[in-house]
Amino acid sequence: MLLACGKDFYIAGRSLPPSGILNRVMFAEQNPSALPFVDAYYDVRHNTSGTVAQFSISGFSGTLPVAIQNMPDQQTGAISSANSSSLILVNYAQEKVSQTLTIPGGYANSVFVSHDLNYLYAANDANHVVSIYDSPAKGSYVLNLPNVDSISVNPGGTIALAFIKNSDQAASQSTQNGTPNGDFSVYSVVKLTQSQSLAAANNPHYTYTGPNGVTNTAEDCEPQNLPGYCLFPVSTASGAKFDHPVKAVFSSDGSTIYVLDCGPECGGTEAGITAIPITAPSLNTGNVGASGINLTATSFTPIPDGVTDALFNGNTMYLAGQKCSGTYTTGAGCSGLFAGYLTAYDTSSNSITGTYSISDGDHEKMLLADENTLWIGSNDCNQGVRYAAATSGQNIPYGCLTMFNTSNGAVTVDSYKGNATGIAAVTNFNKVYTAEGGQVYIYSTANMAQLDNTNVTVAGTVTDVAYIDGETDANNTDY
């Protein structure tokens, strides 16, 4: 007989967690504030023997958790809370809080941490600042940017873009030769090299000249006596523009940034996507961290049916948004109601390949799941054309959750349960967990049939859900 001490592992060599549960979905629950998790194989909150009534992440003392940045590959989750100046990191393997990161500029409405956990980037639309925490440098930075509203970060933390609320930027706009020729809509966070830091000392509008001779002038550099970071505007070449940009998504090969222009849905003129190529001259060499020092948008593609969120599936980028059902006039608004649409865009041919009617509302959640399904969540879906049609007597669903089949184009819209603020794909088990109207629901990916959620409902209010045992970091609706 051979006896040995060892360690239990499950998927991808991960350690068996203390709870012994292999398929966990974690909730961001408010009132009371907690991070409970359930067994998503059996759809229960207790263990199989019944000795533990409910599981939760230990050490969590935050208030009003609102969003989970899910990183299963790193066995980490980043929890942001309403009115909190902290980002709480959770260790999935140990099922406990591992670290609390202080947001330098205070509460941020948009905050992300790089997947290596080295960099935190945040935007505060009340204080008009961009916050950075640089773990390798052990430094905190606060940069001034009036009307900054949100921030988008690529998984590696090498590109961080800040977006100005309700802004437009015309074509051929840059700071060539250090002379700005207008207001900008998108700014890039850049970590300076040592020599750049010395050159930018006491010069918040430091001008950088790239290897190709192109110059760019910073909006702000901090701290001013010896800056570590600067904010540089993103230029627009001929044929490119920004129209109320709200966020960015990044191609899987890392070669292109696609900025989502909200357009009429946000009070602008034309919805679309603006492409920013990532080339060697556009990056700051000799440093680590955020490096997009000379980014230039090169093209704008109209998306007639609107765009506020997007997700890649191979070469196809799915874009969710709304368009006016009546006549839209810039400045005067929409004469009718807005209607939700999903647009399939082929990035290899730069062409729209399909448009589909989906839930109305402000689309902020998208996630791929089993059986070739794409799930889309929105807020305020009861203010669009579907709700109006239903209240007039038509038999039409108007819920905030949509299931789209990517193989055949079939669309299924949920019945109304409230805002769809969270989606978690329990991959390989053909089910999806959602947070709708503050409660937890479970659906089949085969036909969107609602499964029994009796043993996973909560007494509080759930704002987000995450499958923390997902196979990859792609199982995440926030990025």
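Helices (H or I, at least four residues) and strands (E, at least two) are DSSP runs, numbered from the N terminus. The model described here is predicted, so local features need pLDDT of at least 70 and side-chain atom pairs count only at pLDDT 80 or more, while totals for chains, interfaces and linings use all residues. Residues are numbered from 1 along each chain as its sequence is written, and side-chain values use heavy atoms, with hydrogens and water left out.

The chain holds two helices and 41 strands. Its radius of gyration is 23 Å, close to the 23 Å that the globule rule gives for 479 residues, so the chain is as compact as a globular protein of that length. Here the radius is taken over C-alpha atoms, and the globule rule is 2.2 Å times the number of residues to the power 0.38. The C-alpha trace spans about 70 × 65 × 40 Å along its principal axes.

Of the 479 residues, 56% are buried; buried means under 20% relative accessible area, exposed over 50%, and partly exposed in between (1.4 Å probe, protein chains only). The accessible surface of the chain comes to about 18700 Å², with 48% of it belonging to carbon and sulfur atoms. These areas come from the Shrake-Rupley method with a 1.4 Å probe, and for residues only the protein chains shown count as cover. Contact means heavy atoms within 4.5 Å. Among contacts between residues at least 6 apart in sequence, 54% join residues at least 24 apart.

The chain has 15 positive and 37 negative charges, and their mean positions are 6 Å apart. Lys and Arg count as positive and Asp and Glu as negative, with His and the chain ends not counted; the place of a charge is NZ of Lys, CZ of Arg, CG of Asp or CD of Glu.

The interior comes next. In soluble globular proteins, nonpolar side chains tend to be buried together. A nonpolar core is a set of buried Ala, Val, Leu, Ile, Met, Phe, Trp, Tyr and Cys residues joined through side-chain atoms within 4.5 Å. The largest such core has 21 residues, and those with the most contacts inside it are Tyr121, Val130, Leu145 and Val189. At least two residues of this core come from each of β9 (119–124), β10 (129–134), β11 (139–144), β12 (148–153), β13 (160–164), β15 (186–191) and β19 (229–233). Thr427 is found in the loop between β37 (420–426) and β38 (431–436), and at 17% relative accessibility Thr427 counts as buried. Leaving out residues up to four places away in sequence, Thr427 touches Asp370, Tyr467, Glu471 and Asn475.

Leu337 has its place in the loop between β30 (333–334) and β31 (338–346), and with 35% relative accessibility Leu337 counts as partly exposed. Apart from neighbours within four places in sequence, the contacts of Leu337 are Lys323, Cys324, Ser325, Gln383, Gly384, Val385 and Ala388. From Leu337 to Pro304 there are 33 residues in sequence and 15 Å in space, C-alpha to C-alpha.

Ala93 sits in the loop between β6 (86–91) and β7 (96–102) and is partly exposed, with a relative accessible area of 24%. Ala93 and Asn166 are 73 residues apart in sequence, and their C-alpha atoms are 41 Å apart in space.

Two peptide bonds are described here: the one from Asn31 to Pro32 is cis, with omega near 10°, and the one from Glu222 to Pro223 is cis, with omega near -10°. Pro32 is in the loop between β1 (24–30) and β2 (36–39), whereas Pro223 lies in the loop between β18 (220–222) and β19.

Ser172, a residue other than glycine, has a positive phi, near 60°. Ser172 lies in the loop between β14 (168–169) and β15 and is partly exposed, with a relative accessible area of 45%. Asn372 has phi near 60°, again a positive value in a residue other than glycine, and is found in the loop between β33 (362–369) and β34 (373–379).
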